[in-house]
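My notes follow, in the order I wrote them up.

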Amino acid sequence: MTRILDPTDKYYIDNPGRVKAIQAEMARRGIDVYLGSRIRTMSFVLDTFCPWRSYVIIPPEGQPTYFTFVVDALRVGDETWLDSDHVRAYGPMGGMDQVSAITDFIKEELGIRKGRLGFEDGISTYTAEGNLSHWEYTHFKDALAGFEWENAHDIVDALSLIKDQGTIERFRTASLIVDEGHKAARAALTNGGYKGMTETVIAGIAALAMRRAGSVSEWNFAGLNEISSGYRTGLGACTPPTTKEIGAGEPLMLDFHAMFKLALGDHSHNYLIGPATKRQRRHADNFVAIIQTVIDHYRAGTTPGTLAAIMMDFAESRGCGDFIQPACEHGIGLFGDEWRIGAVVNPALPYWTDQDHVYQENEMVVCAMQYAAPEENIGFRYENDIVITKDGCEVLSKYPLGIEEIS
Amino acid sequence: MSERFAYLKEAWRDEALKRLQSELTPEKMNNVTTSMSNIYKNCPGGEEQFLFVECRDGKVTRVETGSGESPQAEFRIIGDYETFAKISRAELGSQKALMTGKLKLKGNLARALKLAAVADRLNKVLAKIPTQY
């Protein structure tokens, strides 16, 4: 969706007025700063789709500031009415995790070090997150007064780390279903088919093909099938499809998701819509070579940190170290199990991937790489479910690796 | 045996500036204008120290070291002296140190990611200075 700033537009919403109304209520109740975390709050305040875990900090006066996962910050910045300085990112780095980034912002940039903080808690039937909220915790605990409570999610995390054969078979099928989506998308885009086609439409064409092949959902909370074209590929991330039309001379990322018996097919494939320049072709060839190098190094016994170092060194040797993002995978499991790798809660950066996690046979990850050249309006993303084997890995999507120029 | 420079002392700082200016061309630094300050905690002498580097249009224009308040910088990277020393000795990658929380970044993350490779090149030059820790 595109921001609507014209008050005469029939879909216009007075978003600044909404914020002023919240701030008036904060003043009335003596609240110095408001920390919003619910999706409905993001929609109400930012007027854009915020599928990644996000936070909005509303000061006593002036614009709110929004924090989201770094992959989606550019899109939100493009779509919300807030100015770019009020759309921020968090990510898996020391000082940039959610808690550090937001608390530093409140204390150091807003200069609010004490007082009353408004936050959001409660209960719902929507399971986008699923962790026990503070409201649930306190109320369940009150009702079960004789129990000692302990956080024990690590039991399930550890037990689900190594995939059994039934799970792996489901993933093989889910990945082949995703390939059907990619075949349908390619057929629709080629021979001039892309002309006049929007990102949302190509997402729907792939979704229909995958449903016909047995998928029950595009499962991904961050926009179902994630599509980027043109300048928005420049961060190397797809994010939700928009109503932007796919254009000649642009890169195109298609990141399709299929769900088969709770197994999550996830394959991101890239195209250059012709005519491609030599520079675009060079970027594309770099990225394909990097993907192949990383895939060739997966095996039991290696670690995410080792693979990232191999990837960065290889990129630097090809003269494209500036464009490759320093991570090459995220975790995957049955529906709801995504992102973190390893079962240990890394104490330095809790709930992010443990860079020293040692892979074992029959673990699964999504091999995920981002190539980002925002100044050149080009980027790519690769994702593919893989099974770690003793001496290598099994790549589950069989769609041919490559970045093809189509027209 | 070649001369060894005491880490973060004046002679080391001067050597760092000389090498950064001679080994990193503006093109290699992507013509970037930025500044960063490494804040060293738990130093051998007990006092907090800093290493400040400034680039203008890709040219390294200033290197400062010292204790107390660092010059204002676009990015601040905070960590233990020993962590920075390991990076300088090429025993630990700077990316990994950030990704594992051994270093903490303060600044705009989206811009910092774009400068990751530039910072890496800078660290690789500093790592080659014969240094006594």
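I started in the loop between strand 8 (263-273) and helix 9 (278-297) of chain A, where P275(A) is found. Helices (H or I, at least four residues) and strands (E, at least two) are DSSP runs, numbered from the N terminus. The peptide bond leading from G274(A) into P275(A) is cis, and its omega is near 0 degrees.

Next I looked up N191(A), which has a positive phi of about 55 degrees although it is not a glycine. N191(A) belongs to the loop between helix 7 (165-189) and helix 8 (199-212) of chain A.

For the record, this is a predicted model, where local features need pLDDT of at least 70 and side-chain atom pairs count only at pLDDT 80 or more, while totals for chains, interfaces and linings use all residues. Residues are numbered from 1 along each chain as its sequence is written, and chains are lettered from A and ligands numbered from 1 in the order in which they are written.

**Helix 7 on helix 8, chain A**

The axes of helix 7 and helix 8 of chain A come within 8 Å and cross at roughly 135 degrees. Axes here are lines fitted to C-alpha atoms, for helices over the stretch in contact, and angles run from 0 to 180 degrees between N-to-C directions. Helix 7 and helix 8 of chain A are therefore oblique to each other; under 35 degrees would count as roughly parallel, over 145 as roughly antiparallel, 65 to 115 as roughly perpendicular, and the rest is oblique.

Helix 7 of chain A passes helix 8 of chain A in a right-handed crossing. The rule is that a crossing is left-handed if the near helix is turned anticlockwise from the far one by less than a right angle, and right-handed if clockwise. Among the contact residues are G181(A), A184(A) and A188(A) from helix 7 of chain A, and I202(A), A206(A) and A209(A) from helix 8 of chain A. Contact means C-beta atoms, placed from the backbone, within 7 Å. The residues of this contact divide into 11 nonpolar, one polar and one charged. Ala, Val, Leu, Ile, Met, Phe, Trp, Tyr, Cys and Pro count as nonpolar, Asp, Glu, Lys and Arg as charged, and the others, Gly among them, as polar.

**The sheet in chain A**

I traced an open sheet of five strands in chain A, with order 4-3-2-1-5 and mixed pairing. Pairing needs at least two DSSP bridges between two strands. Strand 4 and strand 5 (117-119) of chain A stand at the edges with a single partner strand each, so one side of each has no neighbour in the sheet. The twist averages 20 degrees from one strand to the next.

Strand 2 (residues 55-58) and strand 3 (residues 65-69) of chain A pair in the antiparallel sense over three bridges. I57(A) stands opposite T65(A) of strand 3 of chain A. Helix 1 (residues 15-29) of chain A packs on the sheet, touching strand 1 (33-36), strand 2 and strand 5 of chain A, and makes about 65 degrees with strand 2 of chain A. Helix 4 of chain A also packs on the sheet. Its direction makes about 10 degrees with that of strand 2 of chain A.

**Chain B**

I counted five helices and seven strands in chain B. With 133 residues, a compact globule would have a radius of gyration near 14 Å, and chain B agrees at 14 Å. That radius is taken over C-alpha atoms, and the globule rule is 2.2 Å times the number of residues to the power 0.38.

Five strands of chain B form an open sheet in the order 4-3-2-5-6, with mixed pairing. Strand 2 (residues 34-41) and strand 3 (residues 49-56) of chain B pair in the antiparallel sense over seven bridges. Y40(B) has Q49(B) as its bridge partner in strand 3 of chain B. Helix 2 (residues 81-88) of chain B lies across strand 2, strand 5 (75-80) and strand 6 of chain B.

**Where the chains meet**

Which element of chain A gives the most to the side that touches chain B? I first noted that 23 residues of chain A are in contact with 19 residues of chain B. Helix 10 of chain A gives the most, with four residues. That side of chain A divides into 13 nonpolar, eight polar and two charged residues.

How values were computed:
Two residues are in contact if their C-beta atoms, placed from the backbone, lie within 7 Å.
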